[in-house]
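Dear colleague,

Please find below the structure that I am passing on to you. My notes on it come after the sequence and coordinates.

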Amino acid sequence: MDTISNTHIVVVGNGMVGYKFCEKLLAKRKSEGEFVITVFGEEPRSAYDRVHLSEYFAGKSADDLSLAPLEWYAENGIRLFLSDPVVDIDRDEKLVRSHHGHVVHYDYLVLATGSGAFVPSVPGVEKDGVFVYRTIEDLELILSYARKAKRGAVLGGGLLGLEAAKALLDLGLEEAHVVEFAPRLMPRQIDEPGSRMLQSQLEALGLKIHLSKSTQEIIGEDCIKGLQFADNTFLDVDILVISAGIRPRDELAKIAGLETHPRGGIVVDNQLRTSDPSIFAIGECALAHHMIYGLIAPGYEMADVVVTMLTGGEKEFHPFDMSTKLKLIGTDVASFGDAFIEEPACKTIRYENKAKGVYKRINVSPDGKTLLGGILVGDADQYNMLLQTCKSKTILPPDSEDLILGSRGGEDSGAGVMSFPDDALICSCEAVTKGMICHEVSDKGCHTMDAVKKSCKAGSGCGGCVPMVKDIIAGVMKQNGVYVRNVVCEHFDHSRQELLDLVKMNGLKTYGSVLDHFGKGDGCEVCKPLVASVLASLWNENILAKDRATIQDSNDRYLANIQKGGTYSVVPRIPGGEITPEKLIVIGQVAQKYGLYTKITGGQRIDMFGAHLNDLPQIWEELIHAGFESGHAYGKSLRTVKSCVGSTWCRFGVQDSVTFAIEVEDRYKGLRSPHKLKSAVSGCVRECAEAQSKDFGIIATEKGWNLYVCGNGGSKPQHAQLLATDVDKETCIRLIDRFLMFYIRTADPLTRTATWLNKMEGGMSYLKAVVVDDVLGIAEELERDIQNLIDVYQCEWKEVVESPELRKRFSHFVNVPMKDPSVAFETMRDQKKVKEWA
């Protein structure tokens, strides 16, 4: 296509895709006066980030969501008309007329009218208290009305519906419901098992899910009072948000006589031309390849295709990969490739962990050589790697399950993202390849995520590619011999290790003071729990005191693990698994009184499940009175020190393993670290306590004790390695002190000791040199630091029980001291358990 000097471009629509078109056109124009650009927007504000719209309820302002200020349009010579939609197109004269009477000539017209909320024809949709969820103005109306509402519902359990449900949770309504016509949530993105897992995660956070529900009528006179369903059931709500899907905004195209599809959408060819060659359509209003693309990435690609055509190039819009990664109310959800293909067209591998709320599915070609697609729920860390493996048709390893389980022999196999070809698409939103990012890092010196975003836009869209972009930055810098700083997040320009040292040197003890001294902004879900862990590892003060409660992970926030159905577990510490009959009786009495399910664990403790949040302080008050302490089953800290009976009872035992296990557990209880810690003490080489599968394990010998470190079980089991042989108790404790403190100081967040060792340069030889031989000269300092933590230890639950202010936190409803009425139980083997979700 030949370009015309002073070509007049009119863009109808100032959403994300319309804005991106303008941005790309400015970047690719050959001269400043080549294009005269006019933009008409229906909304009263300039383009903003609609992908992260729900964050408006979490504290972000309209300015925070804005893609560009009004000054940007003026500085770039773009005429912008806001609150002024185009109402008519004169195709013969090439003119558009706006609602306010502006008439503008065009050489090329770009329709980026987007989509509108689909509102089903349910009687009563016009009532007060019924809203759609599409624009900032919609959100402002919802925010205003919700101040007088207590029970809210969202009509629609797809992506947009769950985003709206998050908004209701953020508004603090007493009840938040999701009503979905289909038999599962997000039916277009994930399969039935994945949907069940997502549902369980959302219900644990307080959402009430109603599936296979056909809404017959919205009840109420002037205001909504409830929803009447076709199955004769009723839901009592006083605010309803309709988010049941989208409809392409093609009404202007119809008026202009352009070809549209009977079911909606402006029909375009492979170069996004409509039936009029001077008019293009991009984004959610365009029907390309018989499909409406409802994601931002294909919209941006459409914008680039049209810009390329207008600037003299040639490019076509091809069927777009609809792979996507999202975080819905704190839960990762991702799908890629052919996610729903079934056997025998593929071999399907599934992994399901209900305890952690994780579901993974991959579809492998029948010959086992290539990855066809997959679904991830609850843990999508592997999404980018899997997506690129799928797209590049990389030959898979012999054990395909390693893709989702990881290599079970130490470090993960493969060279990671750096092994991908240069043309591998990393950022689909901005069409940025691995080679382009490598160029920015090597040739332009972009060594941070922010620098890469500004330079080539990678990671500036949905953000799903950010982890992979960071890996590429680190990989290229390492190849170039540049020191790589592993910073926490965009709010802290330091690694965890650097931050720990800075916090220690400055004596900071609250999150606010750490943020003021070394951070910026308000923090995020990455840095808040990390700083919480650092503070606990340095000072061992109560994690709920001062401003620390709100930055904890959900389990730490209530000093208990949240379980299915919204109940909690109670796990008192039982050092070494040794317990008196009197304490056993107390556990039985407490479990009986509060109706708890009891189970003896693999760590030689007794877990009690099914506790209501309100009951936790009373339960712990009785346990503490009987001499129990918190078992820290919820914390990134020492969990248990398992032991066999050793020489006390066993005829093969050569040392008293029970006594030593109790001493070890009492010494390190409550010690906060980058990840959980497990330990064991075996009384002889028969290893009944399984010490070699623990973060640190001790095995008795005729001469003393052997110390093993950096082992773990779980999905990636790894044997511990021998650190010291035939040492006495005192030496063994001293070495454990050094080992644990060195781990606390240097490990990345959420890194188990086994992974920490795998990534350590020099491996076990270096660790032994530091801990045993003290080559760094820090042994005395490590021992002193850990002793300081041991000296200030206080049982967290004892402090909560004795503090009326801290006890206030343990209430399901802020204003009413009552239990969650939605929790339901059933009987199983003469014990009470929470009911399964429907």
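The notes below cover the sheet, the aromatic contacts and the nonpolar cores.

This is a predicted model, in which local features need pLDDT of at least 70 and side-chain atom pairs count only at pLDDT 80 or more, while totals for chains, interfaces and linings use all residues. Residues are numbered from 1 along each chain as its sequence is written, and side-chain values use heavy atoms, with hydrogens and water left out.

**Sheet.** An open sheet is formed by 5 strands in the order β3-β2-β1-β7-β19, with parallel pairing. Because β3 (79–81) and β19 (279–281) stand at the edges with a single partner strand each, one side of each has no neighbour in the sheet. From one strand to the next, the twist averages 15 degrees; axes are lines fitted to C-alpha atoms, for helices over the stretch in contact, and angles run from 0 to 180 degrees between N-to-C directions. Strands β1 (residues 7–12) and β7 (residues 108–111) pair in the parallel sense over 4 bridges, and valine 11 stands opposite valine 110 in β7. Strands (E, at least two residues) and helices (H or I, at least four) are DSSP runs numbered from the N terminus, and two strands pair if DSSP finds at least two bridges between them.

The structure holds 18 aromatic pairs. Rings of Phe, Tyr and Trp (its six-membered ring) pair if their centres lie within 6.5 Å; planes under 30 degrees apart count as stacked, over 60 as edge-to-face and the rest as tilted. Tyrosine 19 and tryptophan 72 form a tilted pair, at 5.1 Å centre to centre and 55 degrees between the planes. This pair links distant parts of the chain, since tyrosine 19 lies in helix α1 (residues 16–28) and tryptophan 72 in helix α3 (residues 70–75), 53 residues apart. Tryptophan 72 also forms an edge-to-face pair with tyrosine 73, at 5.0 Å and 85 degrees. Both tryptophan 72 and tyrosine 73 are buried, meaning under 20% relative accessible area (1.4 Å probe, protein chains only), with exposed over 50% and partly exposed in between.

**Nonpolar cores.** A nonpolar core is a set of buried Ala, Val, Leu, Ile, Met, Phe, Trp, Tyr and Cys residues joined through side-chain atoms within 4.5 Å. The largest has 80 residues, and Phe21, Ile89, Leu111 and Ile282 have the most contacts inside it. Helix α8 (residues 296–310) gives the most to this core, with 9 residues. A second, separate core of 62 residues includes Val531, Tyr668, Ile786 and Leu789.

Yours sincerely
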